[in-house]
Structure formats: structure tokens, C-alpha cells
Amino acid sequence: MSDHFFGGGWTRTKLDLLQAYIQCYTTAMKNQRLTLHYIDSFAGTGNQSFKKEADLFTEDEEVVQMEGSVKIALKERFHHYHFIELKKSHFQALESIRDNNPEKKIDLYLGDANEEVRKLCNSIDWRYNRAVLFLDPYGMELEWSTLEAIRNTRAIDVWFLFPLSGLFRNAATKKSKLDDGKIQAVSRILGNDQWLDVFYSSPEPMALDLFDEHQEDETRELDVNGLESYVTNRLREMFPYVEAPIRLNNNRGVPHFSLYFAISNDQPKAFGLAKRLYTGVRKALLT
């Protein structure tokens, strides 16, 4: 299907939720005098492949192939599609999809997702337009300023796959293990460096060593649940509404991503609709 080999068992969960939401969204909005946009910020190729964990009775790992978010979205009744991709080979696959769907209004953007999303947010007149945006980074690529631009539209519903395992790795257990790259990566995705004061605490003074110096190292107090709670609170400081995240584990059961749904439109009618749609989708698929 494609060479876009990425993901795991969690991939189907996130795509099922996205598909159910945009089906409900486009149905609910079909009689509104608004232009409906779908924006995919890390679009890939339109297809997705990943290895399914081998069972106890075979050494072979099954390769799962499925349609990605781009092809899922094209089945719905959006008026305008925006697919952003940085990798040239993936972008070429998107060009083929566009060419094979001439009845759809599809714009492609070859470049950094942060820059392109911000440009879109600033170029569309949101008085007459609404959008669903899928933020599905591979790792720690997303910048907080991109989320701010989305929030400022007051017109976009956001599905955001936050790299929880990436945050856990970069926010080292010991503060002394942080380097400039890790600090910059976490600060970029969380919006500032205040997390350093929140995540780490000074230990009790230790006895003097042979050189009469204290050997102290600040330790990260927050476990994976605490880190996720911090991210949730940061998002809720900006967006009018952020649902409790859906935890997605990897094939070994280790926390990998946190899937968030955020509403940027604070108008009661729009806000209420988005919340009802999300609640219905989550209840139908996860209970």
C-alpha cells in the first residue's frame, strides 16, 4: 500500500475515533452556511503500515496495513482539504491521491507542519469557515505557538496526539541528565521552561564528599501520570475546553501517547455541539 511504516495497536484506536468524529461533525454541520475544512498536519501517504505484536505460537510478526487519516477524511463531506507533509516521498503519494480525487478541493503543502498550520490559521477568515484539525506528530515536533494559533481562530476542533513517551524520555529522571537539546524539545512543546521548576525538586542535603562539596541532584517528582496531568492543565489554560486524554499504550503496554480533544470555539452553540459529538463518539467506541 505504501512505505509509510509507522504505528502500532494504538493506530487503529486513534483513527477510529477520528473517523467517527468527522462523520458526526460533517453530518451535524451540513446545513450550516459555513465552509468546512479538514486539516491534516502530519499527513503521511494516505496509508499506514505497522507490525502487530507476535503471539506465543509464532515467531512471525503480522504486518497490518490500513488507510490513514487522509483517505479516511476524504470519505466525508468537507468542502476543503489541507494536507501537510514534510517528507518528499510522502508528499508525492499525496499528489497521487489529489490527482485521483479531482472532485475534491485538496491543497497540499510541502513543509514544516508548524509553519503551515500557523499560515492556514492566519489566512482563513474564520467568520465563515470551520475546521477539524488532526495533529499527529511522530514525536516532539509540535510547537506551542502552533497550538496558540489554533486557539486564536476560535473555529477549530482539534484532535492532538501528544507524545507522552517522548516527554518522559526527554524530561530525564535526574536534572543533571538534561542537555540543551532535551530542554529545548520539552520547552518547545510545552510553551516555556517553567516545567523545570515543576518537574524537579531539590533533594535533602547530603553529607560532604571527599572534596567537601555537596553531591546533590534534583530529581523529577512526576511519574507518567503526573506528566500527563501537567500537559492537560497546560492545554486547559489555553483552550476553552479540553477533554481528559485517552491513553494509548504501545504493544508492550507501555504508555506511548495521550490523545486529546480540544475545542477552540467558545461560543455556546458551537462549544456545546463539539462536546456532544465527542462524548457520543467516545462512549460508542470506548465503552
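1. Helices (H or I, at least four residues) and strands (E, at least two) are DSSP runs, numbered from the N terminus. L108 lies in one of these elements, strand 5 (residues 106-110). The model is predicted: local features need pLDDT of at least 70 and side-chain atom pairs count only at pLDDT 80 or more, while totals for chains, interfaces and linings use all residues. Residues are numbered from 1 along each chain as its sequence is written, and side-chain values use heavy atoms, with hydrogens and water left out.

2. Start with the whole chain. It has 10 helices and 12 strands. Of its 287 residues, 50% are buried. Buried means under 20% relative accessible area, exposed means over 50%, and partly exposed is in between (1.4 Å probe, protein chains only). Contact means heavy atoms within 4.5 Å. Among contacts with a separation of 6 or more, 72% join residues 24 or more positions apart.

3. Back to L108. At a relative accessible area of 15%, L108 is buried. Leaving aside neighbours within four places in sequence, L108 is in contact with F83, F91, L94, E95 and R98. L108 and E85 are 23 residues apart in sequence, and their C-alpha atoms are 7.9 Å apart.

4. H82 sits in strand 4 (residues 80-85). Its relative accessibility is 2%, so H82 counts as buried. H82 touches H37, Y38, I39, D40, D107, Y109, L120 and I124, not counting residues up to four places away in sequence. Y38 is 44 residues from H82 along the chain, yet their C-alpha atoms are separated by 6.2 Å.

5. Now the helix pairs. Axes are lines fitted to C-alpha atoms, for helices over the stretch in contact, and angles run from 0 to 180 degrees between N-to-C directions. Angles under 35 degrees count as roughly parallel, over 145 as roughly antiparallel, 65 to 115 as roughly perpendicular and the rest as oblique. A crossing is left-handed if the near helix is turned anticlockwise from the far one by less than a right angle, and right-handed if clockwise. For residue classes, Ala, Val, Leu, Ile, Met, Phe, Trp, Tyr, Cys and Pro count as nonpolar, Asp, Glu, Lys and Arg as charged, and the others, Gly among them, as polar.

6. Helix 1 (residues 9-28) meets helix 10 (residues 268-286). Their axes come within 9 Å and cross at roughly 140°. The two helices are therefore oblique to each other. Helix 1 passes helix 10 in a right-handed crossing. Helix 1 supplies T13, D16, L17, A20, Y21, C24, Y25 and A28 to the contact, and helix 10 supplies L273, A274, L277, Y278, V281, R282, L285 and L286. By class, the contact of helix 1 with helix 10 has 13 nonpolar, one polar and two charged residues.

7. Helix 4 (residues 113-123) and helix 5 have axes that come within 9 Å and cross at roughly 20°. That makes helix 4 roughly parallel to helix 5. The crossing of helix 4 with helix 5 is left-handed. N114, V117, R118 and C121 of helix 4 meet S145, T146, A149, I150 and T153 of helix 5. This contact of helix 4 with helix 5 has four nonpolar, four polar and one charged residues.

8. Helix 5 (residues 144-153) also meets helix 9 (residues 224-238), with axes that come within 10 Å and cross at roughly 40°. Helix 5 and helix 9 are therefore oblique to each other. Their crossing is right-handed. The contact is made by W144, L147, E148 and R151 of helix 5 with R234, L235 and M238 of helix 9. Its residues divide into four nonpolar, no polar and three charged.

9. Apart from residues up to four places away in sequence, R151 touches M238, F239, P240, S264 and D266.

10. R154 deserves a look in the backbone. Most residues other than glycine have a negative phi. Phi of R154 is near 50°, a positive value. R154 lies in the loop between helix 5 and strand 7 (156-162). At 39% relative accessibility, R154 counts as partly exposed.

11. How many disulfides does a search of the whole structure find? It finds zero, where a disulfide is a pair of cysteine sulfur atoms within 2.5 Å. C24 is partly exposed, at a relative accessible area of 33%. C121 is buried, at 6%.
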